Amino acid sequence: MNGNIAKLKESYGRYIDHKAVRGADESRINSLQELAKGHQEHKDRLQEVAERQTVNQIQTLIAKGDLAGANKLMSGNPNLLKTAALAKYFGERD
């Protein structure tokens, strides 16, 4: 796309609104960033749903006082999105 813009600048020179061209580029960057953010949020939501049962099991074990069982389950699932929240809850119950 930038090659096309360069060709337009060469062809039309002073007739190009350079501020509008820069604004279009910046607008496109912002759109792409928002799109990437939306994709990441969607992936996080899908991962949370997939992890929900494991997180519930860990919370139940902690609530029952089975900290060893909860710790074992947490150690077996080190990439849970809610690890920090579970660790805090674990620490409060310890």
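Reader: What makes up the largest nonpolar core of this structure?

Author: In this predicted model, the largest nonpolar core has 8 residues, namely Val 55, Ile 58, Ile 62, Leu 67, Ala 70, Met 74, Leu 80 and Leu 86. Helix H2, spanning 18-64, and helix H3, spanning 67-75, each supply at least two residues of this core.

Reader: Which residues is Ile 58 in contact with, once its neighbours within four places in sequence are left aside?

Author: With those neighbours left aside, Ile 58 is in contact with Ala 70, Leu 73, Met 74, Leu 80 and Leu 86. The term contact is used here for heavy atoms within 4.5 Å.

Reader: Why is Thr 54 called buried?

Author: The word buried is kept for residues under 20% relative accessible area, and Thr 54 has a relative accessible area of 19%, so Thr 54 is called buried. This residue lies in helix H2 and, leaving aside its neighbours within four places in sequence, Thr 54 is in contact with Leu 73, Asn 77 and Leu 80.

Reader: Why is Gln 57 described as partly exposed?

Author: A residue counts as buried under 20% and as exposed over 50%, with partly exposed in between; the relative accessible area of Gln 57 is 38%, and therefore Gln 57 is partly exposed. Gln 57 also lies in helix H2, and its C-alpha atom is separated by 9.7 Å from that of Gly 69, a residue 12 places away along the chain.

Reader: Which residues of H2 are buried?

Author: In H2 the buried residues are Val 21, Glu 51, Thr 54, Val 55, Ile 58 and Ile 62.

Reader: How does the reach of H2 from its first C-alpha to its last stand against what is expected at 1.5 Å a residue?

Author: H2 has 47 residues and reaches 66 Å from its first C-alpha to its last, which is close to the expected 69 Å. After H2 comes Gly 65, whose phi is positive, near 90 degrees.

Reader: What puts the buried residues of H3 on the same side of that helix?

Author: The buried residues of H3 are Leu 67, Ala 70 and Met 74. They cover an arc of only 60 degrees around the axis, and therefore they lie on the same side of H3. On the face turned away from this buried side, H3 carries the exposed residues Ala 68, Lys 72 and Ser 75.

Reader: How many helices and strands does the chain have, and what pattern do they follow?

Author: The chain contains 4 helices and 0 strands, and reading along the sequence gives the pattern α-α-α-α.

Terms used: Residues numbered from 1 in each chain as written. Predicted model: local features only at pLDDT ≥ 70, side-chain atom pairs only at ≥ 80, totals over all residues. Heavy atoms only, no water. Core = buried A, V, L, I, M, F, W, Y, C linked by side-chain atoms within 4.5 Å. Buried < 20%, exposed > 50% of the residue type's maximum accessible area, 1.4 Å probe, protein only. Expected span 1.5 Å × (residues − 1). Arc of directions from axis to C-beta.
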